[in-house]
Amino acid sequence: MAGELLSKFVNSFGAGLVSVSQTLGVTVSLVKTQVTQGVNAPGSRVAALVGLVGGGVHGTAALMVDAQGFASYVNAMSGGMIPPDLEDNVALSVVGELTNMVSGQTLMKLDIEGMDLTPPQIIAGENIKAVPPQKPGIVSFTLPFQVAPQGNIYLVVSLHS
């Protein structure tokens, strides 16, 4: 059952990221050959993580973005009014809001009674390695997306089994 639930979450969050990105005018495409179990988000500079709690589920969803992908989303969501500065809290909040939008859309589609999200936690730095804990009982998948014209965004979904 845990495998089916994880698959449902991964697919739903992936579709949510594509849908929200399209709404914002950002083109993303899944790099199917690089989908992996665990956390694999090379070059990530910003991550936003939300907790998934309730409805019999406990886990996290994180968006991890490299510098070019970050710039694409900041430009799209601010209309070019905010520079994509990795040290600017306002620019960083864009990734938190993107994570909220993707998570909210996903949870509406999943329709799991009693499930809620925590506010996003934003992490910035060079080469962020892992946001969800890497320990037994936690199953994670990374879906890498290429942002056009350049950049990457990684969706990492983790559930406690």
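Two strands pair if DSSP finds at least two bridges between them, and strands (E, at least two residues) and helices (H or I, at least four) are DSSP runs numbered from the N terminus. By that rule strand S4 pairs with strand S8 (residues 152–160), the two running antiparallel and joined by seven bridges. This is a predicted model, in which local features need pLDDT of at least 70 and side-chain atom pairs count only at pLDDT 80 or more, while totals for chains, interfaces and linings use all residues. Residues are numbered from 1 along each chain as its sequence is written, and side-chain values use heavy atoms, with hydrogens and water left out.

**Strand S4 and its partners**
- Strand S4 covers residues 57–65, and eight of its nine residues are buried (under 20% relative accessible area, with exposed over 50% and partly exposed in between, for a 1.4 Å probe and protein chains only).
- Strand S3 (residues 46–54) runs antiparallel to S4 through nine bridges, and Leu49 stands opposite Ala62.
- In the S3–S4 hairpin, which has two residues between the strands, Gly55 takes a positive phi near 65°.
- Towards S8, Thr60 stands opposite Ser158.

**Ser140**
- Ser140 lies in strand S7 (residues 138–147) and is buried, with a relative accessible area of 5%.
- The side chains of Ser140 and Ser158 are joined by a polar contact of 2.5 Å (a pair of N or O atoms within 3.5 Å; within protein, one must be able to donate a hydrogen and the other to accept it, and residues adjacent in sequence count only if both atoms are side-chain atoms).

**Thr99**
- Thr99 belongs to helix H3 (residues 89–110) and counts as buried at 2% relative accessibility.
- Leaving aside neighbours within four places in sequence, Thr99 is in contact (heavy atoms within 4.5 Å) with Ala48, Val50, Ala61 and Leu63.
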